[in-house]
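Open your viewer and get your selection tool ready. We will walk through this model one stop at a time.

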Amino acid sequence: MVHIDYWIAALLSALWIMLPAYIPNPAAVILGGGMPIDGGRLHADGNRYLGDGKTVRGLLLGILAGVLAGGVQLIVQTQALPAFLPRHTLLSVLLLATGALAGDLVKSYFKRRRGIPQGRRWPVADQYDLVAGALLLTLVGAPAWVMANLTLPVLLWILVLTPVLHRAVNLLGHSLGVKDVPW
Ligand code: CTP
Ligand code: MG
């Protein structure tokens, strides 16, 4: 059953790698609010730059939550961690958490430019913004870490798992009353 072990190892590696990037979005939903990052300003096209869904507090506390989760991982991996799991660094944690919400901001910018109102769904982009942001920023800031740890099977799992987790977490957030819409 070598192949099953191989794919399960890749699945767990994908989750371990992406945890600092998965935490910031739900954390921003719970902890965000207040002053919008764009200060309410309108783009020349008449729509908001980002909208009221992108707040300073959500951005900062979301990144902080992702970094704290990664900080726990940094501690755990010095104690006991199966050898097949990749090792985070402080840099990988910072880049993944920051990149996730940077991707979210860039997505909202382009959503507004397309005239899609805040909170309305924009399939594919809503699910993959954090993956694109987190992995691109980490590739730029820590290319050797990405090359060493982001194998093709791990990347495939990230692409499969992210929309599933995204959907599950949003349904949960909606049913708990934390999120207005189930997407
Ligand atoms: N949030 C925040 N600050 C951020 C990101 C998110 O405060 N930087 C909070 C907001 O309350 C937001 C909620 O999390 O409404 C859900 O986030 P998201 O789905 O990313 O934003 P939307 O409101 O759907 O806006 P958009 O259409 O721009 O994606
Ligand atoms: Mg949304």
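Begin with the lining of the largest pocket: its residues divide into 19 nonpolar, 13 polar and 11 charged. Keep in mind as you look around that this is a predicted model.

**Stop 1: the pocket as a whole.** Select the lining, which is made of 43 residues. To find the middle, highlight Asn 25, Ala 28, Val 29, Asn 170 and Lys 179, the lining residues nearest the pocket's centre.

Stop 2: Now switch to a cartoon view and colour helix H1 (2-22), H2, H3, H4, helix H5 (125-141) and helix H7 (152-175). Each of these helices supplies at least two residues of the pocket lining.

**Stop 3: the ligand.** What sits in the largest pocket? Select ligand 1, and you will find it there. Next, show the shell of 18 residues around ligand 1. By class, this shell has four nonpolar, eight polar and six charged residues.

**Stop 4: where the shell comes from.** Which helices each supply at least two residues of the shell? Pick out helix H2 (24-31), helix H3 (56-79) and helix H4 (90-113). Then focus on H4, as the largest share of the shell, five residues, comes from this helix.

- Lys 54: a polar side-chain atom lies 2.7 Å from an oxygen atom of ligand 1.
- Thr 55: here too, look to the side chain, where a polar atom is 2.6 Å from a ligand 1 oxygen.
- Gly 119: turn to the backbone, where an N or O atom lies 2.8 Å from an oxygen atom of ligand 1.

**Last stop: the ligand's surface.** On its own, ligand 1 has 570 Å² of accessible area, and the protein covers 85% of that.

How values were computed:
Residues are numbered from 1 along each chain as its sequence is written. Chains are lettered from A and ligands numbered from 1 in the order in which they are written. This is a predicted model: local features need pLDDT of at least 70, side-chain atom pairs count only at pLDDT 80 or more; totals for chains, interfaces and linings use all residues. Side-chain values use heavy atoms; hydrogens and water are left out. A residue is near a molecule or strand if one of its heavy atoms lies within 4 Å of it. A polar contact is a pair of N or O atoms within 3.5 Å; within protein, one must be able to donate a hydrogen and the other to accept it, and residues adjacent in sequence count only if both atoms are side-chain atoms. Accessible areas come from the Shrake-Rupley method with a 1.4 Å probe; for residues, only the protein chains shown count as cover. On a 1 Å grid over the protein atoms alone, a cavity is a set of points where a 1.4 Å probe fits but cannot get out, and a pocket is an open set with protein on both sides within 12 Å along at least five of seven lines; lining residues have an atom within 4 Å of a point. A molecule sits in a cavity or pocket if more than half of its atoms lie within 2 Å of its grid points. Helices (H or I, at least four residues) and strands (E, at least two) are DSSP runs, numbered from the N terminus. Ala, Val, Leu, Ile, Met, Phe, Trp, Tyr, Cys and Pro count as nonpolar, Asp, Glu, Lys and Arg as charged, and the others, Gly among them, as polar.
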